Amino acid sequence: MQTLLLWLFYISSFYAFIPGMISRIFGYRVFRKGTGRNEFALTFDDGPDPRFTPLLLDLLKKYDAKATFFVVGSNAERYPDLIRRIHEEGHLIGIHNYVHKTNWLMRPATVRRQIQRTNDIIYNIIGERSTYYRPPWGIVNLFDISKRRQVEIVLWSVMFGDWREKLGAQRLTEKMLARLNPGEVMLLHDSGTTLGADPDAPENMLVALELTLQEAQRRGLRSIRVDDMIKMAEKSPIRRLSFGKRVLVGLWLAWEQVFQVMFQIKTINPADPFMHYRMRKYQGEPVELGDGTLLSKGDKVIELHIDNRQLFELGIHSRSSAQLAIRMIRRMEKGLPMLAEVIAEDVNLAQAKALYGVSMINRGPEKFGFSVHDLPDGIFARSTKFYLKILLSVIHPDGGARLKERSEVLVPKLILMPVSELLKKMNKQLPHDERSVRKRKPQQEEALSLNDSLTEVELPGATVTN
């Protein structure tokens, strides 16, 4: 009996668990995230539903948003008018099996019949077939991956647990707004009739979705169909990366998410998550700061981190080092005033002596008021250099050629700025100062200009230590 159970475990792992993990982590033979500049994708599973789908369609029409509906075949068969309306209003219809049952529990031939039957139903209603397929719960098996020529498997980059009514509209809204970014493929549900779902949960989804669409309009973002996002992704420079490099990028981005949770990294501006930070104690050798004060071991510092995903996307969409440098400078110019505002409103952060980061640079940070220092030779310096070289080989427009060309200058540096200096530049006061409650003044011209010549600007590396 024990041997039989062991064999069943091996077979199920090979059949479904391992393929599912590979597809989710590395995106192998599935689509799960786009590369749009101002576009994201709303996708809805488990419908159509006579109670919630009409309300959802009214909401999408109100905000001129397009979406993708992965329909359950039995529901489509029961409510053909809703399928017809989805199609007529310009949304994409995808397949979600004839019944909402995991592919782990079905033979390949059964899954194939589920897909075909649902596709036939869609065709009989709207006169078009679908080539987009999302397996229930996103669970793929070995044979699903092999069917790439018949259907395009579409997963998602973010889901919110909106099938649970107890999540509530407010919490769901917060989660959706936190992930409202270009390229995201959002998973939502317009039906609560499947196993494990709450029948009234879509009510919360509709409330949260309207608030999210309002915020999207404010930011200049728009929801598009998955097929349009796939077409955009096919033109992306990411497609030029080798599979090995895409795997490296996937691991790198996954590690950042783990790192942010482990070390409680905070985001300066969640609406534009380019810069992150955390408070920590300085552990290095004493260093003299730009204002003459000494940074000693044990002093509090604000450690800065550049968002790896945004850094990667900046790199792959830049045609040259100069263009990437300009874009980095613009983002830093935008982020530092926000950081100063955060510090000015937080007594704990104001106790930090300096801003702290590690970067693979020679010039550039001085323009913002940072001083640049050599890292003491040791395990940390060597490991950081190895990590940042790999990072630059991925994000730099010239790739690995840049490392071979000028590897001797690609040395990690310690960059520091007194917190008081940042606040002074941005015309902010420490939070314990009574003057900090006065009306905020406009940022002065002292906060750096892009008119400086970029001929000597070295590519700003990622200010990271993760």
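Reader: Which residues make the nonpolar surface patch of about 370 Å²?

Author: In this predicted model, the patch is made by Trp-255, Val-258, Met-262 and Phe-263. Its area is about 370 Å². Met-262 belongs to helix H10, which covers residues 243–262. Met-262 counts as exposed because its relative accessibility is 51%, and the cut-off for exposed is over 50%.

The chain as a whole gives the setting. The protein chain exposes about 23,000 Å², and carbon and sulfur atoms supply 53% of that area. Of its 466 residues, 52% count as buried. The chain holds 16 helices and 16 strands. Among contacts between residues at least 6 apart in sequence, 77% join residues at least 24 apart.

Asn-308 is part of helix H11, residues 308–316. With a relative accessibility of 0%, Asn-308 counts as buried.

Helix H8, residues 201–219, shows burial along a whole element. Its 19 residues should span 27 Å at 1.5 Å a residue, and its end C-alpha atoms are 27 Å apart, so the two values agree. The buried residues of H8 are Ala-201, Pro-202, Asn-204, Met-205, Leu-206, Ala-208, Leu-209, Thr-212, Leu-213, Glu-215 and Ala-216. An α-helix has 3.6 residues a turn, so residues three or four places apart point the same way. Among the elements that cover the buried residues of H8 are strand S1 (39–45) and strand S7 (185–189). Helix H2 (53–62) and helix H7 (169–178) are also included in that cover. After H8 comes Gly-220, which has a positive phi, near 80°.

Lys-413 is in strand S16, which runs over residues 413–418. Lys-413 counts as buried because its relative accessibility is 16%, and the cut-off for buried is under 20%. The side chain of Lys-413 makes a polar contact of 2.5 Å with the side chain of Asp-374.

Technical notes: Residues are numbered from 1 along each chain as its sequence is written. This is a predicted model: local features need pLDDT of at least 70, side-chain atom pairs count only at pLDDT 80 or more; totals for chains, interfaces and linings use all residues. Side-chain values use heavy atoms; hydrogens and water are left out. Patches are made of residues with over 30% relative accessible area and no salt bridge: like charges are joined within 9 Å, nonpolar side chains (Val, Leu, Ile, Met, Phe, Trp, Tyr) within 5 Å. Accessible areas come from the Shrake-Rupley method with a 1.4 Å probe; for residues, only the protein chains shown count as cover. A salt bridge is a side-chain nitrogen of Lys or Arg within 4 Å of a carboxyl oxygen of Asp or Glu. Helices (H or I, at least four residues) and strands (E, at least two) are DSSP runs, numbered from the N terminus. Buried means under 20% relative accessible area, exposed over 50%, partly exposed in between (1.4 Å probe, protein chains only). A polar contact is a pair of N or O atoms within 3.5 Å; within protein, one must be able to donate a hydrogen and the other to accept it, and residues adjacent in sequence count only if both atoms are side-chain atoms. Contact means heavy atoms within 4.5 Å. The expected span of a helix is 1.5 Å times one less than its number of residues.
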